[in-house]
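Thanks for coming. I will talk through one structure, and you can follow along on the screen.

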Amino acid sequence: MIEAEAVSKRYGSTLAVDSLSFTVRDGCVTGFLGPNGAGKSTTMRMIVGLDAPTSGGVRVGGRPYRDRRFPLHEVGALLEAKTVHPGRSARNHLRWLAESNGIARRRVDAVLEQVGLASVAKKRAGTFSLGMSQRLGIAAALLGDPEVLLLDEPVNGLDPEGIRWVRELLRSLAGEGRTVFVSSHLMSEMALTADHLIVIGQGRLIADASVAEVIAQASSNRVRVATAEPARLQSLIESMGGKVETAPPEELLISGVECRDVGIAAARAAITLYELTKVEASLEEAFMEMTRDSSQYHAGIAPTAMAGA
Amino acid sequence: MNATPEVLPAPRPAKVLPEPSALALFGSVVRAEWTKLRSVRSTMWSLLVTVALVVGLGALFCAARVARADRLDAGELRNFDPTGFSMNGIFLAQLAIGVLGVLVISSEYATGQIGSTLAATPQRLVVLAGKVVVFLGVAFTVGLVACGTAFVVGQSILSQKFATASFGDPGVLRAVLGGATYLAVLGALGIGLGAILRRPAGAIAALVGLLLVLPILSNFLPSPWNDDIGKYLPLRAGNPIFHTGAVDSTDLSRGVGFVVFCAYAVVALVVGAVFLDRRDA
């Protein structure tokens with residue numbers, strides 16, 4: 001469980017994080033979405049006590065991160081791929097981390113095996129590709145077998161096989177009841193990995209809801225209809241307050257009217273339909289729409305989700 | 001809106017979390033810092049260079065003096081201190097150990113590793129203390145090997161033409177131990193400067209400026225200001241600790257000078273500790 005309470009971070013005149021409140025629950029993967037520069041990394045750094053909030057606070061597992069002497073047993077974090085001295089081998093990097101938190105030496109080899117770096121354990125980290133550095137960072141996060149995992153852009157630089165591996169790893173960690181908080185600017189990835197989303201833009205909360213809710217809320221949800229009488233249907237839909245885009249020759253793309261209502265109205269007017277399909281926005285589209293105008297959605301989605309959290 | 005209820009898995013059995021004592025925490029940090037220090041090649045190189053400079057330069061100066069033994073003037077022969085003379089390589093070696101001290105912390109900022117370090121041990125002052133303790137131990141041990149060797153080698157070269165010193169002579173043991181301590185304290189000064197300035201280049205420049213440039217600048221001051229100020233500069237205040245015999249009347253006494261020298265390191269570490277604790281990592 002991670003709880004942020006009205007946490008803000010100011011750098012000079014820029015408010016990087018603006019009174020952000022959210023709760024990350026156990027047992028599911030929570031995606032932390034936002035465009036680059038939205039304040040995701042700053043928030044993650046505040047969670048693990050590297051940066052101090054200007055106001056507000058963050059608690060992990062019920063208390064501030066810095067109250068722990070051996071935090072790696074409870075919280076594992078991948079902050080950036082490059083938080084490793086390039087001159088040190090992967091194994092030695094994990095060894096000092098383990099020693100600093102009283103973690104058994106065998107965990108070092110176990111996590112190296114788990115992330116697939118066992119064969120290059122003695123190589124210097126500076127020779128690693130970005131993908132291998134990410135794996136080493138994930139190994140470091142898993143070292144203390146923590147209940148809470150924070151991963152900042154873990155799939156950056158990974159090949160498709162690596163991305164799939166991270167996805168499955170995160171799902172299985174959450175399946176074991178752990179708290180998994182993972183940031184990304186890749187919506188498509190989050191759609192496959194996350195159960196719940198916290199979306200921020202310009203340091204402010206835009207949405208805190210399940211993936212399904214976020215998609216459902218996107219106003220770009222539309223209905224596709226094919227009919228022999230496009231002109232009649234168009235005036236009918238417009239009379240119901242809907243908007244119509246036409247695609248040649250017989251297809252209409254309708255927004256502002258529910259799929260169900262389109263069918264009922266068409267039947268009453270005796271308009272024959274060949275096709276009636278609900279077109280859901282992709283998470284990508286939902287996200288683009290939300291971050292285009294944050295204030296509108298701030299009020300729209302957040303309160304319901306907050307109440308449920 | 002059609003919210004799908006999220007099915008939560010059964011809560012995990014509570015894990016028994018370690019609650020180490022302050023001492024156990026410190027021990028863990030010291031072990032981790034020791035692993036860090038010895039698992040990077042630059043450490044070994046810096047330490048080897050330190051030993052090579054102290055021993056090699058000392059031997060070179062001794063050999064040069066022996067070669068010119070018959071042509072030295074009265075000033076050069078008066079108050080000759082064979083102990084300190086054999087360890088004059090410290091004047092250069094101090095840069096190698098000082099730079100290593102700077103890198104102990106500033107390389108963590110340069111590589112981003114500081115994030116891993118402070119997330120693993122949020123008690124930042126304990127981290128700094130661990131770094132200092134490990135470094136003092138390593139630098140003192142290496143310094144002792146370097147100074148002891150330089151002394152023995154130097155005396156055997158000087159003995160061809162001059163009266164030499166042995167470990168039993170007054171002040172000799174203190175000077176050899178003093179040389180090792182001088183190098184260790186200098187490394188601690190480097191750690192302090194690294195913690196304050198974070199960037200390796202800046203901290204190394206500050207170290208060189210403090211040790212070598214300020215004495216040159218202080219010489220441009222009119223007398224007696226040049227000595228009044230110059231005698232408090234670290235190199236001049238600290239170096240009598242690895243020499244024997246009388247200290248110049250314009251300098252601080254050996255003991256006071258060494259305390260002043262150590263004070264530079266203490267002040268740098270205290271300021272560095274405050275910065276490390278208060279600033280974002």
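Start with Ser28(B), which, leaving aside its neighbours within four places in sequence, is in contact with Phe70(A), Glu99(A), Ser100(A) and Gly102(A). Bear in mind that this is a predicted model. Ser28(B) sits in helix 1 of chain B, residues 22-38. Is Ser28(B) buried or exposed? Ser28(B) counts as buried, because its relative accessibility is 3% and the cut-off for buried is under 20%.

Now the interface as a whole. Chain A puts 55 residues into the contact, and chain B puts in 43 residues. About 4000 Å² of area is buried between chain A and chain B, and carbon and sulfur atoms give 52% of that area. Polar contacts are there as well: the rule finds 17 residue pairs across the interface of chain A and chain B, with both residues at pLDDT 80 or more. Which parts of chain A supply at least two residues each to the side that touches chain B? They are strand 1 (2-11), helix 2 (90-100), helix 5 (160-175) and helix 7 (211-217) of chain A. Helix 2 of chain A gives the most to that side, with seven residues.

A second residue of chain B to look at is Gln123(B). Gln123(B) is in the loop between helix 6 (113-120) and helix 7 (124-158) of chain B. With a relative accessible area of 18%, Gln123(B) is buried. Its contacts, leaving aside neighbours within four places in sequence, are Arg66(A), Arg68(A), Arg69(A) and Leu25(B). What does the side chain of Gln123(B) reach? The side chain of Gln123(B) reaches the backbone oxygen of Arg68(A), at 2.8 Å.

Next, salt bridges. Side chains of opposite charge can pair when their charged atoms come close. Over all chains, the count by this rule is 25 salt bridges. One of them pairs Glu19(B) with Arg63(A), with the closest N and O atoms 3.9 Å apart. The cut-off here is 4 Å. Why does this pair join two chains? Because Glu19(B) lies in the segment before helix 1 of chain B, while Arg63(A) lies in the loop between strand 4 (55-60) and strand 5 (75-78) of chain A. Glu19(B) counts as exposed at 59% relative accessibility, and Arg63(A) counts as partly exposed at 23%. Glu19(B) and Arg63(A) also belong to a network of salt bridges that links them with Arg68(A) and Glu74(A). Across the interface of chain A and chain B, the rule finds three salt bridges.

Two further salt bridges stay inside chain A. In one, Glu189(A) pairs with Arg167(A), and the closest N and O atoms are 3.2 Å apart. Glu189(A) is in helix 6 (residues 187-193) of chain A and Arg167(A) is in helix 5 of chain A, so this pair ties together parts that are 22 residues apart in sequence. Glu189(A) is buried, with a relative accessible area of 8%. Arg167(A) counts as partly exposed, at 21% relative accessibility.

In the other, Arg171(A) pairs with Asp195(A), with the closest N and O atoms 3.1 Å apart. Arg171(A) is again in helix 5 of chain A, and Asp195(A) is in the loop between helix 6 and strand 8 (196-201) of chain A, so the pair ties together parts that are 24 residues apart in sequence. Both count as partly exposed: Arg171(A) at 32% relative accessibility, and Asp195(A) at 23%.

Staying with chain A, consider Arg232(A) in helix 8, residues 230-239. Arg232(A) counts as partly exposed, at 39% relative accessibility. Which residues does Arg232(A) touch, not counting those up to four places away in sequence? It touches Ala269(A), Ala270(A) and Ile271(A). The C-alpha atoms of Arg232(A) and Ala269(A) are separated by 9.1 Å, and the two residues are 37 residues apart along the chain. The side chains of Arg232(A) and Glu229(A) are joined by a polar contact of 2.8 Å.

Last, a piece of the surface of chain B. Val266(B), Val267(B), Val270(B), Val271(B), Val274(B) and Phe275(B) form a nonpolar patch there, and together they have about 460 Å² of accessible area. Phe275(B) belongs to helix 12 of chain B, residues 254-278. Its relative accessible area is 33%, so Phe275(B) is partly exposed.

Definitions and conventions
Residues numbered from 1 in each chain as written. Chains lettered and ligands numbered in written order. Predicted model: local features only at pLDDT ≥ 70, side-chain atom pairs only at ≥ 80, totals over all residues. Heavy atoms only, no water. Patch = residues over 30% accessible without salt bridge, like charges linked within 9 Å, V, L, I, M, F, W, Y side chains within 5 Å. Areas by Shrake-Rupley, 256 points an atom, 1.4 Å probe, with all protein chains shown as cover. Salt bridge = Lys/Arg side-chain N within 4 Å of Asp/Glu carboxyl O. Helix = DSSP H or I, 4+ residues; strand = E, 2+ residues; numbered from the N terminus. Buried < 20%, exposed > 50% of the residue type's maximum accessible area, 1.4 Å probe, protein only. Contact = heavy atoms within 4.5 Å. Buried area = accessible area lost by both parts, 1.4 Å probe. Polar contact = N/O pair within 3.5 Å; in protein donor to acceptor, adjacent residues only side chain to side chain.
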